[in-house]
Amino acid sequence: MKTIVIIGALEEEIAHIAASLSNLRHEKGASLNVAYGMLESAATDGWSGSGGPIAVAATVGGMGLVNAAATAQRLIDVYQPDGIIFSGIAGSLNKSLHINDVVLGGTLRYLDSDMRLIAQWKPQTEEFHSDPKLLAIAQQALDELGIAHITGTIASGNYFVDTPEKIAQVVAQTGADAVEMEGAAVVHVAARNDVPALVVRALSDNADTDYEVFKEFDISEFADTAARLAITIAKRL
């Protein structure tokens, strides 16, 4: 039986995912509340062969690179997953994209790290990538859900990007389509553990919203969409 880990951005998102699972139980540890249960696969090929149940462990990861990395490592250690899906929101840096479009993390880069030093350790790379098979499944699911999307570059850093000066700096440094605070850390930890990972980011703004305003956004609609997408992807594994 395959196991998939889903790290979400919102409690509402994880609640939606938990409602889709059978034999649900909640497991707590390392400051996480993990919803664990079974999901019937809809796949006829790929990871799950002829289909069958998939174990799902879903939780909220917390904001920032350290929280994301700690969550990913904890879930890998406890559940030994065959794949990780990390979903959330991001600021758009690509003028051809619109609010609620999705960027799949084909490439993920850190904003504030000298990768020449960090890349001396496994996986010995200066950038990270979502798993090609997971990307293909996500692309198909997004097409069927009618959600506009690209596979692009996502930048991750420990600061909130909300001014033209910061946007220009991020674009010059990374060439990213979207910016957020966790994705690279999750895929980095996954790569250290040889676990396939996928980063899915819905665009909440154009990276031009002051944090005090941003934190008042109602993103409950995103929670429902993100949960449906994560479940759709997981069913096809």
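Predicted model: local features only at pLDDT ≥ 70, side-chain atom pairs only at ≥ 80, totals over all residues.
Author: Buried means under 20% relative accessible area, exposed over 50%, and partly exposed in between, with a 1.4 Å probe and protein chains only. Tyr-79, with a relative accessible area of 14%, is therefore buried.

Reader: Which residues of helix α1 are buried?

Author: In α1, residues 11-19, the buried ones are Glu-13, Ile-14, Ile-17 and Ala-18. They lie on the same side of α1, because they cover an arc of only 135° around the axis; the arc is that of the directions from the helix axis to the C-beta atoms. Glu-11 and Ala-19 are exposed, on the face of α1 turned away from its buried side.

Reader: How is a pair of aromatic rings described?

Author: The distance of the centres and the angle of the planes describe such a pair. Rings of Phe, Tyr and Trp (its six-membered ring) pair if their centres lie within 6.5 Å; planes under 30 degrees apart count as stacked, over 60 as edge-to-face and the rest as tilted. By this rule there are two aromatic pairs. Tyr-36 and Tyr-79 are stacked, at 5.5 Å centre to centre with 15° between the planes. Tyr-36 belongs to strand β3 (residues 32-41) and Tyr-79 to helix α2, so this pair ties together parts that are 43 residues apart in sequence. Tyr-36 is likewise buried, at 12% relative accessibility.

Reader: What of Tyr-110 and Phe-128?

Author: Their ring centres are 5.8 Å apart and their planes stand at 80°, so the pair is edge-to-face. Tyr-110 lies in strand β6 (residues 102-110) and Phe-128 in the loop between α3 (115-118) and α4 (132-145), so parts that are 18 residues apart in sequence are tied together. Both Tyr-110 and Phe-128 are buried.

Reader: Which residues does Pro-81 touch?

Author: Contact means heavy atoms within 4.5 Å. Not counting residues up to four places away in sequence, Pro-81 touches Thr-3, Val-5, Leu-75, Ile-76 and Val-195. Pro-81 sits in the loop between α2 (65-79) and β5 (83-92) and is buried, with a relative accessible area of 8%. Its C-alpha atom is separated by 10.0 Å from that of Ala-197, 116 residues apart along the chain. In the protein, residues 24 or more positions apart account for 75% of the contacts with a separation of 6 or more.

Reader: Where is Ala-30 found, and is Ala-30 buried or exposed?

Author: Ala-30 is found in the loop between β2 (22-29) and β3, and is exposed, with a relative accessible area of 51%. Although not a glycine, Ala-30 has a positive phi of about 55°. Ser-31, in the loop between β2 and β3, also has a positive phi, near 70°, and is exposed at 83% relative accessible area.

Reader: Which peptide bond is cis?

Author: The bond from Lys-122 to Pro-123 is cis, with omega near 10°. Pro-123 is found in the loop between α3 and α4.

Key: Residues numbered from 1 in each chain as written. Heavy atoms only, no water. Helix = DSSP H or I, 4+ residues; strand = E, 2+ residues; numbered from the N terminus.
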